[in-house]
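Visitor: Hi, I'm new to this one. Could you walk me through a few parts of it?
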Amino acid sequence: MKLNGYETLICNCERTMTLDGKKICKAAAGGEEPDVFTTLCRAEVSKFADALSENEKVLVACTQEAPLFTELAVEQKFEGELRFANIRERAGWSTDKTANSAKVAALLADAAHANEPAGSISVASSGQCLVYGAGQQALDAARKLNQRIPTTLLLSDAGDVIPPVSADVALFKGKIVKAAGHLGAFEIVVDNYAPLMPSAKQSADFVMARDGASSTCALILDLSDGPSLFTGGHLRDGYKKVDAGDPARVMEAMFELADMAGEFEKPLYVNYDSSICAHSRSLKTGCTRCLDVCPAGAVTSAGDIVEFDPVICGGCGSCSAVCPTGAASYAMPQRVDLVGRIDTLISTYRSAGGKSPEILVHDNSFGLEMISMSARFGRGLPAHVLPLGVNEITQVGHDGLLAMMATGVARIHLLANPAKSDELSGTEAQIELTQALADGLGYGCAINLICEADPDALEAVVWTDRPAPALKAHAISGIGSKRDVSRTMLGLLHGDAPAPKDIITLPDNAPYGQIIVNTDTCTMCQACVGACPVNAIADSPDKPQLNFTEAACVQCGLCSTTCPEGAITLDPRYNFAASALSPVVLNEEEPFACISCGREFGTRSTIEKISAQLAGQHSMFVDSEASKLIRMCDNCRIEHQANSSNDPFSAGTRPTIRRTEDYVEAERKAAAGEPLSANDFLMDDD
């Protein structure tokens, strides 16, 4: 069966699944009915070999035996593209007796979707590891690890340590007070740092303790009982923080670290466009959403923009989900590919006769394991719940959720790992925003965040029958910016809404809304115009005027922060009216005409206010003549001052030039007894 260019092989896994090849083929691609294998990985493996020899692209509907198929492809020197799809745990193993052909076809189509690959960065690690912990447990771990990679031990507490017979591990004591860096390039600062005395006998004795010692290493195994050395330490490659009292976890961490020596290719999870970043302007802080949600500390402020450290980045995608402009965008997959996968998944399901689709967004580690456990020991997933596997569920923002709704999905489930519950603030905010938009249109859609480690809890949500609103299915595309995609999806939903509104009130920190200008305090200084990073606020070349385009506003708050009068407040909302796309006047004033030349400058209220405060009150404007300067334009002001008797720019009378002849003439007059004038000067020695 050909599917999007892939020769697709399906297997019912020794008849543990009911698969209708004819219906699956018709739903997914059409053409000839495919064979449904029973033991493709064993007795029928020659069919897989035949597919490799006859095709450049092969898709196998099995992930359990992917290592075997990959090994066979290497042996056969297959140079094409080999992909795998899980239809067993995610579809076939379910107690739902509804025909699953539509779902299987949708999952196969999703697996065959061509995504643009993310870039990568090379990271080198020498393998030099620091073990940081207390007592004999830390020493034992360090000595074992040293058999695989070079290891140094730093004891936070010597405790019951017995000095080793052989100094196979460099041993020190101290407390790490500062740590920075990443895999291959960690930096630490240690207080009370001291080396072990070679003569230590019954207990570990140390000498010459000092503070502020610094060192570097490639890897860190943290067995201490203190807090993690890094923000989001579990996301930082090369750093393992485990409980020393859990031997299994310690051994697991040691195995992982032992393999982290050499050069690695790490994905560039996030693309960043600084030109549309709304973080800061002129030392005034605006949007900090990415900084607030990054659990790994990979995003830092760098003046008007932010900086992403691709080596520290753990790939959670929260920054992309919450970014209001799309300056930070996820690359695994890119937005256009994620929306394309959603469209492929749902459109294939519907074209095969599937009804009332729901989407379960899950990651390919914890989430896939939960689905597998449910399929093996419970009810599995219903036939209408379509799993969408992503790198991290936190990468899905409101644009992705709206795209799902625009395809006609009324119930969306996001399956989160409870161990990462502290990383879900961005996802929760995106759900709240999307729910507010859906409720405002009268849909009553359900977006469920399932943060459970029990498969029964997952089943309790996805198997619950709830009346779902009828959403019209649209063909969608992810082409364009984040805001373009979101507005397109909202336009589709608004057109079909059961109770459409032009204005929907949104939660605080939403990336849509208007600004409200207090015209009583606004001086039309237009500092907000220069501060706005997206040109939502603009002036007029003809007269004092403040214009605002609501569709462009990202509610970063820079205008409010910059305004010296505090005249601007934010109002988060979504405006469907056509007027949101065009500039509207928020404030305007009559210009003031120069009393000398008539050229317009400033605003009448500002000039009159300044004149009332300074004329006759300030030392520079004590008389009426000087007070006229306040009501003159810049050119006339300079000209008036230059012609006045107290010109501040005047340099005084130019001194007379004295020549040698003048001194000679003065000498002659003095010798002849003639009277000297004021311009006659004698030499100093006379």
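Visitor: Which residue in S29 is the bridge partner of Ile 503?
Guide: That's Asn 575.

Visitor: Before we go on, what kind of model is this?
Guide: A predicted one, where local features need pLDDT of at least 70 and side-chain atom pairs count only at pLDDT 80 or more, while totals for chains, interfaces and linings use all residues. Residues are numbered from 1 along each chain as its sequence is written, and side-chain values use heavy atoms, leaving out hydrogens and water.

Visitor: OK, back to the strands. What's the order in the open sheet?
Guide: The order is S25-S29-S26, three strands with antiparallel pairing. Two strands pair if DSSP finds at least two bridges between them.

Visitor: And which strands are at the edges?
Guide: S25 (503–505) and S26 (513–517), each pairing on one side only. From one strand to the next, the twist averages 45 degrees.

Visitor: Switching to helices: at what angle do H12 and H13 cross?
Guide: Roughly 40 degrees, with the axes of H12 (residues 398–406) and H13 (residues 425–440) coming within 9 Å. Axes are lines fitted to C-alpha atoms, for helices over the stretch in contact, and angles run from 0 to 180 degrees between N-to-C directions.

Visitor: What does that make them to each other?
Guide: Oblique, therefore. Under 35 degrees counts as roughly parallel, over 145 as roughly antiparallel, 65 to 115 as roughly perpendicular, and the rest as oblique.

Visitor: Which residues make the contact?
Guide: On H12, they are His 398, Leu 401, Leu 402 and Met 405; on H13, Gln 430, Ile 431, Leu 433, Thr 434, Leu 437 and Ala 438. Contact means heavy atoms within 4.5 Å.

Visitor: How about H6 and H7, how far apart are their axes?
Guide: 11 Å, and H6 (residues 135–145) packs with H7 (residues 247–258) at about 35 degrees. Ala 141, Lys 144 and Leu 145 of H6 meet Val 250, Met 254 and Ala 258 of H7.

Visitor: Last topic: how many aromatic pairs are there?
Guide: Ten. One of them is Phe 48 with Phe 69, a tilted pair at 4.7 Å centre to centre and 55 degrees between the planes. Rings of Phe, Tyr and Trp (its six-membered ring) pair if their centres lie within 6.5 Å; planes under 30 degrees apart are stacked, over 60 edge-to-face, and the rest tilted.

Visitor: Where do those two Phe residues sit?
Guide: Phe 48 is in helix H2 (residues 45–54) and Phe 69 in helix H3 (residues 66–75), 21 residues apart.

Terms used: Helix = DSSP H or I, 4+ residues; strand = E, 2+ residues; numbered from the N terminus.
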